[in-house]
Amino acid sequence: MKNKKVVWVIAIIVILGGAFYIYNQKQDNGPKIEEQLKGIDKEAVAFENEKNESKQFKELEKLIKESDEYKKGTETNKKVIKRYDDSIYQARKLLKDKNETTFEESKITNLSKASTRNITMKVNSLKVLSKRLEIQNVIVYDKKELNNFKSKVTTLKKSYDKQLNKSDSESDQKSESASTKVNEQPDQTMDFSKIKQGDYTSLLGNWKAVAATVNYSNGKGVVWSTSTDSKLSITKNQLTDESIKLQGNTLVDYQGSNSVKFNKKDGYLMAQSDDGAIARDVVFYPEGIAFNPGIDGKPTSIDDSKDRIVIFSSGGFQQIYEKVDGNTSVKKSSNVSSTDKAKMDINEIKTGDYATIDGTWKNKHGREINVGHDTMKFTDITGFKQAGEVRNLKLNIPELNLANGKPKLAGLYQSGDELMYKQQLQSTITDGALELKGSVSRSGLFVFFLPKGTKGELTAGDISKDKIVALSTQGALSMMVTESDVYYRVN
């Protein structure tokens, strides 16, 4: 009997001890759970605030991965799991709603009366949407839901393709007729053949923004606005505004570089790019060629009697620029002397346009720089017998690359994720000299451009000539550069 009492006492102690332990564990985990909930909320806010589509999608992937790993763990909490599930649901819903909005805005009410330009814009929007769905896939949708949406997009796109094919012969006839009329005009300024080759001489002059389309997210969709302060800059080899840069058959925006295709219709020229998540077109309208925007309420500020350039983005967004000085600047441009054209223009160079330094440059070490309109090729860019290339403002040193063309990791004595060199160069203008700066193995990489008459930081060389200096160093530049390091143009 006595033994039974002892057993019961021990059992009660064990039960009470276990209960006390569980209670304490819950108390200890309280702050940890709150911290986890705050972390999930922070990631959800970061997702909502992210404007870049690809980065936003990666935020969702990260959230899903963390949720899966947490659920597989030994210590889980219902509150944390629910917060993960709710955040992922809201993130998916936001992306789905965005896709649905794009689809609805891609619809055309009266297809038979729609312009080719309008239909093409909608097709580009649907192409972008299709690419977006391929990327989002089952991360955002369940399989059945995804297939239904893809089918809906494909059906609409096919109806547009059918309409475009139907009107092709008619459009070609109109295009030929309009083109003939344009060519007959003695004051025609836009040279389409040159533009397609990347020569924008016929566009040189002053341009102003006269209208744009916007979406205020008030249920009215895309509408017109004449309050726009966007700037368009055109050099001989480059066309740039706040969203894109067009150079030859390449269009650059925040997504990277995309190839463009040229298409001439109804008297205007389209440079079309739909490689990225957002499709963009640059359209050139010569004076006298009507601009049909495909959106009601075309502003009176758009003057069809003047040259216009329109930059389209998928979703129906348009930015319209108009030439404000007629043909004057083009005529002046044609009278510019070859000497003036050859002057080093550091403002153009800092954008990646090297037209004013075209040719071969040499220094007394026997090294060369061969310059094309958007590329500089160095026989030795670092001073350590390493050839390199700068295209626009992106550096490439093949000797320091992996097989895929990307820079190698720096190695044993440097941080594990540091690269041998930075590909993107930064530009600075000081005292009339331009500096392109990067880094190679923790040393600074510098390419200096000093127009004739500019001393800048570097005193070596002939101040009466245009000069280029390129080297990699950790030391003081003014002490490192000698006369032998300075490049001069030889042809």
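Predicted model: local features only at pLDDT ≥ 70, side-chain atom pairs only at ≥ 80, totals over all residues.
Figure 1. Of its 491 residues, 43% count as buried. Among the contacts in the protein with a separation of 6 or more, 51% are made by residues 24 or more positions apart.

**Figure 2. Strand S1 and its pairing with strand S12.** Strand S1 covers residues 207–215, and strand S12 covers residues 317–323. The two strands run antiparallel and are joined by five bridges. Within this pair, Trp207 stands opposite Lys323 in S12.

**Figure 3. Strand S1 and its pairing with strand S2.** S1 is also joined to strand S2, formed by residues 222–225. Four bridges link S1 and S2, and these strands run antiparallel. Here Thr213 is found opposite Trp224 in S2.

**Figure 4. The crossing of helices H3 and H5.** Helix H3 spans residues 78–105, and helix H5 spans residues 143–166. Their axes come within 12 Å and cross at roughly 20°. Angles under 35 degrees count as roughly parallel, and H3 and H5 are therefore roughly parallel to each other. The crossing in which H3 passes H5 is left-handed. On the side of H3, the contact is made by Lys96, Asn99, Glu100 and Phe103. H5 contributes Glu145, Phe149, Lys152, Val153 and Leu156 to this contact.

Conventions:
Residues numbered from 1 in each chain as written. Heavy atoms only, no water. Pairing = 2+ DSSP bridges. Buried < 20%, exposed > 50% of the residue type's maximum accessible area, 1.4 Å probe, protein only. Contact = heavy atoms within 4.5 Å. Axes fitted to C-alpha atoms, helices over the stretch in contact; angles between N-to-C directions. Parallel < 35°, antiparallel > 145°, perpendicular 65-115°, else oblique. Left-handed = near helix turned anticlockwise from the far one by under 90°.
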